[in-house]
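Hi everyone, thanks for coming. Could you put the structure up on the screen, please?

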Amino acid sequence: MTLIDRAREGVMDPIFQRACAGEDVGPEELARLVAEGLAVIPYNPSRGCARPVGIGQGLRTKVNANIGTSKDQSSVQMELRKLKAAVGNGAHAVMDLSTGDDAGEVLQAVLSHSPVPVGTVPIYHGAVMCRLSGRPVVDMTEDEMFQAVELHGRMGVDFVTVHTGLTRQALSHLVDQGRLTDIVSRGGSIMAAWMIHHDRENPFARDFGRLLEIARRYQMTLSLGDGMRPGSGHDATDRAQVAELLELGRQVGACREAGVQVMVEGPGHVPLGQIGANVQLQKRLCQGAPFYVLGPLVTDSAAGYDHLVGAIGGAVAASFGADFLCYVTPKEHLGFPDEEDVAEGVRASVVAAHVGDLEKGIRSAVRRDMEVSRARRAMDWDAQREAALFPWKFDRVTGMSSQGCAMCGPLCAMRIAQEALGSWKKV
């Protein structure tokens, strides 16, 4: 029985209790959300991560951090440092997107050390195997694609991104309409190139039932990838993107019928004014499935600060109902991130998630802001530190006293106002 099966039959699995820690909902409500497909708990029991989380309706907005090697930058120890930086700064999940020659070794190390759910893009594994055997990526066989998914399930991966909605129809929309930045999804580009080379339909879409059988066997959550996500604001919300989303909505229904947990990935580069419509469109077409957004990035011109651009877009997306934010690092579009880039990216997205939760009315988020404000009024620095999103930051701040912070000192606005208001006699 999968987690959905157990939830539908009223079996109160201990995972519901563990996953609702820190949430405003109890285990029974979380089980109902999972049963209806409105929330997921990415959790492969063969590994059993220490900190399972719920993602979806009525829950706190969660943050994912991507780590992983490349062909030219590959070190297991570096990836473990990045994992530690991600989790230590508040990431609720990580994805290992390794494409180096030692990708399998890296994934095994990440799975062994990560206390949070781990996701992957299995087609990357297939691409690495093709390279190591001297074959072009378009020579990957259909069996190799599915075998990569199964391997990751067997290893204990909790959720996998599969580009199931990138069909020949969606590809035809992209070709007919044209784009400024074509396809920027790495998995999407591999799948599109394979389809064009073989003049065949996407195997994951054509044989979706085979994918469901693998996911069900290992109780992996499927994250239906957006291979047609826009790579520039100019290309946002075009026919190719929407055609893919329509197919993903159909597949969500098949996942629920099969008892497989599913979430849907969303666009990358989206102008600020289109974010709300994108989230609402996804929720409508995908029957309320949890929405996992990549950023979104609201401008294409801030290289070096894209973690801040992504946080702006993420906050807006979360406020409209997005459930899972994929961070962006300062190195996005520029280079290979190190552990400090990972830390900065996570911090920005954690703030974005909290801002979104305030707009969603998540009670724990509202309480936190109230506690900080009360502590500021009382000049209670210890209480401020305890309620802050990043308490460690207070250790780097000096000059605090009962008279105020180092900026204002005895001219502290709150202290002056409190003294004046306390002595004022209403006429």
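Let's start with helix H12, residues 239-258, and helix H13, residues 272-285, which pack at an angle of about 35° with their axes 9 Å apart. Please keep in mind that this is a predicted model. Which residues of H12 and H13 make the contact? From H12 we have Gln 241, Val 242, Leu 245, Leu 246 and Gly 249, and they meet Asn 278, Leu 281, Gln 282 and Leu 285 of H13. Sort the residues of this contact by type and you get 5 nonpolar, 4 polar and no charged.

Now for another pair. Helix H7, residues 142-155, packs with helix H11, residues 208-218, at an angle of about 10°, and their axes are 9 Å apart. An angle under 35 degrees counts as roughly parallel, so that is how H7 and H11 run relative to each other. The crossing of H7 past H11 is right-handed. On the H7 side, the contact uses Asp 143, Phe 146, Val 149, Glu 150, Gly 153 and Arg 154. H11 brings Arg 210, Leu 211, Ile 214, Arg 217 and Tyr 218. Here the contact residues are 5 nonpolar, 1 polar and 5 charged.

Last stop: helix H9, residues 186-198. Its 13 residues reach 18 Å from first C-alpha to last, close to the 18 Å expected. Several H9 residues are buried, among them Ile 190, Met 191, Trp 194 and Met 195. And what do the buried residues of H9 pack against? They pack against helices H6, H7, H8 and H10.

Terms used: Residues are numbered from 1 along each chain as its sequence is written. This is a predicted model: local features need pLDDT of at least 70, side-chain atom pairs count only at pLDDT 80 or more; totals for chains, interfaces and linings use all residues. Side-chain values use heavy atoms; hydrogens and water are left out. Axes are lines fitted to C-alpha atoms, for helices over the stretch in contact, and angles run from 0 to 180 degrees between N-to-C directions. Helices (H or I, at least four residues) and strands (E, at least two) are DSSP runs, numbered from the N terminus. Angles under 35 degrees count as roughly parallel, over 145 as roughly antiparallel, 65 to 115 as roughly perpendicular and the rest as oblique. A crossing is left-handed if the near helix is turned anticlockwise from the far one by less than a right angle, and right-handed if clockwise. Contact means heavy atoms within 4.5 Å. Ala, Val, Leu, Ile, Met, Phe, Trp, Tyr, Cys and Pro count as nonpolar, Asp, Glu, Lys and Arg as charged, and the others, Gly among them, as polar. The expected span of a helix is 1.5 Å times one less than its number of residues. Buried means under 20% relative accessible area, exposed over 50%, partly exposed in between (1.4 Å probe, protein chains only).
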